[in-house]
Amino acid sequence: MTAPIKSIKVGLVGFGTVGTGVWETLQKNGQLISDRSNNQFKIDIVKAAVRDISKKRIEDAPDTMFTADWNDVVSDENVDVVVELIGGTTTAFDIVAAALKLGKTVVTGNKALLAERGAELFALSQEHSAAIHFEAAVAGGIPIIKAVQESYVGNDIESMVGIINGTSNYILERMTDAGLGYPEALKEAQELGYAESDPTLDVNGWDAAHKSILLATLAYGSVIDPEEVYVRGIERVTSTDIEFANKLGYATKLLSVVRKHSDGQIELRTQPSFIPKSHILSSVNGVFNAVAVKGDASGDSLFYGRGAGKEPTASSVVADIVDAAHTISSGSPHRGFLPYSEDSKVKSIDDTSTPYYVRFDVIDRPGVIADIAQVLANDGVGISGTHSPVDPENPDKEFVDMVFLLHTCTFGKLKATLKKVLALDSVNSEPVVFRIENL
Ligand code: HSE
């Protein structure tokens with residue numbers, strides 16, 4: 001083998017779990033990467049900003065590589081590629097913006113940053129001819145960003161439906177299969193390193209929503225305002241509904257839906273949904289993620305893999321660094337994503353339609369089913385089934401769960417009708433609603 005002709009120098013900001021994974025992957029597979037570039041380049045991590053400089057991270061890394069100041073990384077003139085791995089949307093923004101302004105390629109796995117502040121950063125990327133690569137921002141080790149950006153370039157993408165938060169998926173699975181309560185399942189997910197250090201965004205749906213925004217931005221070319229996206233997390237999912245779902249033939253999953261409608265509007269929503277057990281997405285368990293993509297030319301495809309964790313995320317970061325290295329070593333203009341369309345119109349959640357599962361807490365007295373059915377009938381909301389378990393130990397129990405499965409209608413219509421149902425004397429509290437997804 002001839003020696004690579006160029007060293008591409010990388011600076012990391014953040015050297016935690018993923019940073020360590022990137023270092024180890026490059027140590028292990030660096031030669032393979034050079035070979036695959038036809039020995040055009042080799043990749044060297046030359047600088048890393050860390051919070052605590054006294055902490056020894058990697059035995060074979062020289063101490064001189066570490067600094068406590070991210071400016072030392074970004075402004076080091078040897079550094080060609082800045083890898084941002086600290087998360088958040090404030091300091092991370094300053095780091096990425098500073099690197100782009102210096103014309104440096106940025107690699108980041110920070111979905112919150114790009115979903116919340118992508119407009120500003122992509123503008124800087126364009127202005128300074130410096131690419132932002134973000135494969136690690138969506139679905140960990142699954143190469144979905146590159147697929148949407150490159151492999152589907154000849155398709156109009158009709159939909160992308162995904163399970164894209166490993167923590168939520170792990171928690172829901174443990175609640176379903178092991179009967180764990182929500183807090184115990186969350187604790188396990190944290191111990192396994194799936195959740196973010198602050199798991200709020202994992203469980204309130206926003207981690208998945210940020211990822212879905214990035215998928216929609218790539219597919220439809222426009223920056224999307226997070227305020228327009230409908231997001232519900234798993235914090236209030238109870239084992240009662242998981243068990244009902246199970247009995248009725250559904251799996252409960254935190255699902256993100258990105259779908260382009262014929263009027264050009266984009267349906268963009270994340271929520272716990274019921275998926276038929278016969279659908280392949282229902283068997284995506286644990287920390288695994290999956291994204292089902294439908295292109296007008298390609299038809300249906302499914303991307304499946306590890307959505308979180310040290311090595312899978314490092315795999316995506318390294319792929320981005322290699323992409324950057326190709327661009328830099330060949331001196332070509334950047335091929336990173338740039339928005340190409342005006343703001344997309346996100347469809348109002350009230351105008352989106354699915355069938356529904358609705359559970360009412362009712363007083364069990366004669367006529368209660370008829371009363372609810374009458375309100376639904378008056379509003380033209382069809383019932384496809386009802387379910388109400390009887391407790392053989394306690395047949396006279398006063399309050400019971402009454403489940404209705406409803407035919408497809410808009411969410412707006414459902415909400416208006418349920419308001420009327422809630423006004424009935426025999427209905428005790430706000431009904432619990434899950435969408436049943438037509439996949
Ligand atoms: N915490 C995320 C998850 C992984 O649980 O999927 C990184 O996005």
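Which hand does the crossing of H12 and H13 have? I looked it up and found it right-handed (left-handed if the near helix is turned anticlockwise from the far one by less than a right angle, right-handed if clockwise).

**Entry 1, ground rules.** I am working on a predicted model, where local features need pLDDT of at least 70, side-chain atom pairs count only at pLDDT 80 or more, and totals for chains, interfaces and linings use all residues. Residues are numbered from 1 along each chain as its sequence is written, and side-chain values use heavy atoms, with hydrogens and water left out. I take helices as DSSP runs (H or I, at least four residues), numbered from the N terminus.

I took helix H12 as residues 368-378 and helix H13 as residues 411-422. Their axes come within 9 Å and cross at roughly 150° (axes are lines fitted to C-alpha atoms over the stretch in contact, and angles run from 0 to 180 degrees between N-to-C directions). H12 and H13 are therefore roughly antiparallel (angles over 145 degrees; under 35 is roughly parallel, 65 to 115 roughly perpendicular, the rest oblique). On the H12 side I listed Ile372, Val375 and Leu376, which meet Thr417, Lys420 and Val421 of H13 (contact means heavy atoms within 4.5 Å). I sorted the residues of this contact into 4 nonpolar, 1 polar and 1 charged (Ala, Val, Leu, Ile, Met, Phe, Trp, Tyr, Cys and Pro are nonpolar, Asp, Glu, Lys and Arg charged, the others, Gly among them, polar).

For helix H6 (residues 166-177) and helix H7 (residues 182-191), I noted axes that come within 9 Å and cross at roughly 135°. That angle makes H6 oblique to H7. H6 contributes Thr167, Tyr170, Ile171, Arg174 and Met175 to the contact, and H7 contributes Tyr182, Ala185, Leu186, Glu188 and Ala189. By class I have 7 nonpolar, 1 polar and 2 charged residues.

Helix H5 (residues 144-151) packs on helix H9 (residues 206-220) at about 15°, with the axes 9 Å apart. H5 and H9 are therefore roughly parallel. I found Ile144, Ile145, Val148 and Gln149 of H5 against Leu215, Leu218 and Ala219 of H9. This contact has 6 nonpolar residues, 1 polar and no charged ones.

Which residues are around the ligand? I listed Lys111, Asn165, Gly166, Thr167, Tyr194, Glu196, Asp202, Asp207, Lys211, Gly307 and Ala308 (a heavy atom within 4 Å). I then checked polar contacts (pairs of N or O atoms within 3.5 Å). A polar side-chain atom of Thr167 is 2.6 Å from a ligand oxygen. A polar side-chain atom of Asp202 lies 2.8 Å from a ligand nitrogen. For Lys211, I read 2.8 Å between a side-chain N or O atom and a ligand oxygen.

Note on methods. Helices (H or I, at least four residues) and strands (E, at least two) are DSSP runs, numbered from the N terminus. A polar contact is a pair of N or O atoms within 3.5 Å; within protein, one must be able to donate a hydrogen and the other to accept it, and residues adjacent in sequence count only if both atoms are side-chain atoms.
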